[in-house]
Structure formats: C-alpha cells, structure tokens
Amino acid sequence: PIFIVTRLVQILAGLATILIVYWILARECNQTRALIGAASIGFLPVAIEYFPNLHHDSLLAPFLVLSLYFFFKEHYKRAGLFFGLALATKNVAIFMLPVFAVQVLITMLEARRSSPDFNWSVMSQKLAGPVKAVVIGFVVLLPFANPISYASEILTPVTHRQTDLRGENVEQSTLSGRLGSQGNPAAGKQRPA
C-alpha cells in the first residue's frame with residue numbers, strides 16, 4: 001500500500017492521460033479507435049515505466065495532450081492554460097513552442113493555398129490566436145516560477161551559466177572524505193591517477 005500511496009499522483013496522472021486520449025479520439029473518430037488509442041497509450045512501454053514511478057513526466061503528459069488538442073482545434077485560451085500548467089510541471093514543455101510554430105506555419109500555408117486574397121491582415125488574424133495561447137501559458141506559469149530564474153534554467157544550454165559553488169561538498173561522499181584521519185590513515189590518502 002505504501003508503494004501506491006507515494007505514487008498516487010503519478011498513477012492518477014497516467015490514468016487521466018489515458019482517459020483524455022480516449023475522450024479526444026471518441027470526439028474526433030469513433031468508439032473503436034478511441035479504445036485502441038487509449039489502450040495504445042496505456043500499454044506503451046514508456047507509459048508503463050513512467051506512470052507508476054516518481055517522475056514529473058507522468059504529470060506533464062495530460063497537460064501536453066490537452067494543450068496540443070486545444071491548439072489544433074484553435075481553442076487558444078484553453079491551449080494556453082494547459083501549456084502553462086505543462087510548463088509549471090516540467091521545463092521540457094518549452095519544446096512545444098516549435099510544435100506550435102510548425103502548426104501555425106501549416107495553417108498559414110493552407111490558408112494561402114485555399115484563398116487567393118490572402119494578405120497580411122489575414123496573416124495577423126491567424127497569428128493572434130497562437131500568440132494569445134503562448135502569452136496565456138506564460139501568465140499561468142507565473143504563480144509557479146520566477147520568470148527570471150525559469151528563463152535562466154531554460155537557457156542554460158545556450159548561456160552556460162557558472163556552477164553554483166554554494167552546493168554540497170562532494171568530498172564528503174568519498175570514502176577518504178568520510179574516514180578522514182579517524183579511520184585507517186592509509187585509507188585517507190588518495191592514490192595517484
């Protein structure tokens with residue numbers, strides 16, 4: 001029971017993801033495809049690995065699925081809400097921005113192909129919704145994260161921030177660090193590399 005209690009949030013998030021996939025497919029397709037899709041998510045090896053374990057990936061999944069669904073359906077306020085919750089759950093949600101950009105590009109290309117009078121005013125109308133979703137996402141993130149530290153965390157691969165020297169003394173985790181002069185004096189000496 002203690003195994004289940006400590007992982008209850010992740011298990012419920014996994015169950016929510018499966019139910020959300022079922023709900024989306026039942027709305028967009030039919031009952032059979034909804035069952036197959038939900039079963040595919042439920043028995044996916046990654047889902048089996050992460051849904052019952054103490055990882056934030058299982059919490060991220062339902063927010064990402066809902067954000068994508070509402071973005072593709074052009075319900076941008078809802079998409080922004082779930083995108084913000086996904087960002088608050090795990091930093092990797094930032095990679096949804098390129099996905100959103102590709103979807104906007106595809107939508108614009110389709111609109112340009114289907115409408116001969118496509119111009120900048122039509123393009124600005126098409127961009128207003130996705131921009132609104134991203135702005136709402138970052139507003140929803142604000143109660144959960146300081147924008148400066150969050151941006152610093154996200155940009156770490158680009159900015160190469162310095163190591164925080166206030167961190168834990170790693171030396172205390174080594175055998176020689178633990179024994180020091182109290183144990184065997186030979187154990188306190190480090191071998192040459």
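# Briefing: an all-helix predicted model

Phe71, Tyr76, Phe83, Phe100 and Phe138 form one aromatic cluster, in which rings of Phe, Tyr and Trp (its six-membered ring) count as a pair if their centres lie within 6.5 Å. This is a predicted model, in which local features need pLDDT of at least 70 and side-chain atom pairs count only at pLDDT 80 or more, while totals for chains, interfaces and linings use all residues. Residues are numbered from 1 along each chain as its sequence is written, and side-chain values use heavy atoms, with hydrogens and water left out.

**Overall build**

- The protein chain has 11 helices and zero strands, where helices (H or I, at least four residues) and strands (E, at least two) are DSSP runs numbered from the N terminus.
- Of the 193 residues in the protein chain, 26% are buried, a term that means under 20% relative accessible area, with exposed set at over 50% and partly exposed in between (1.4 Å probe, protein chains only).
- Among contacts with a separation of 6 or more, 62% join residues 24 or more positions apart, contact meaning heavy atoms within 4.5 Å.
- The accessible surface of the protein chain is about 13,400 Å², and 65% of this surface belongs to carbon and sulfur atoms; such areas come from the Shrake-Rupley method with a 1.4 Å probe, and for residues only the protein chains shown count as cover.

**Aromatic pairs and the core**

- A search of the whole structure finds eight aromatic pairs, and their planes count as stacked when under 30 degrees apart, as edge-to-face when over 60, and as tilted for the rest.
- The rings of Phe70 and Phe82 are stacked, because their centres are 5.9 Å apart and their planes stand at 15°; this pair links distant parts of the chain, with Phe70 in helix α5 (residues 57-72) and Phe82 in helix α6 (residues 76-89), 12 residues apart.
- Both Phe70 and Phe82 are buried.
- Phe71 and Tyr76 have ring centres 5.3 Å apart and planes at 75°, so this pair is edge-to-face, and both residues are buried.
- Leaving aside neighbours within four places in sequence, Phe71 is in contact with Tyr76, Ala79, Phe100, Gln103, Val104, Pro130 and Ala133.
- The largest nonpolar core has 25 residues, and those with the most contacts inside it are Leu64, Phe70, Phe71, Leu87 and Ala93; a nonpolar core is a set of buried Ala, Val, Leu, Ile, Met, Phe, Trp, Tyr and Cys residues joined through side-chain atoms within 4.5 Å.
- At least two residues of this core are supplied by each of α2, α5, α6, α7 (96-114) and α8 (120-141).

**The salt bridge**

- The structure holds one salt bridge, defined as a side-chain nitrogen of Lys or Arg within 4 Å of a carboxyl oxygen of Asp or Glu.
- Lys73 forms this bridge with Glu28, the closest N and O atoms being 3.3 Å apart.
- Because Lys73 lies in the loop between α5 and α6 and Glu28 in helix α2, the pair ties together parts that are 45 residues apart in sequence.
- Lys73 is partly exposed, with a relative accessible area of 37%, and Glu28 is also partly exposed, at 39% relative accessibility.

**Around Ala38**

- Ala38 is found in helix α3 (residues 31-42) and is buried, with a relative accessible area of 10%.
- Not counting residues up to four places away in sequence, Ala38 touches Ile18, Val21 and Tyr22.
- The C-alpha atoms of Ala38 and Leu19 are separated by 6.9 Å, and Leu19 lies in helix α2.
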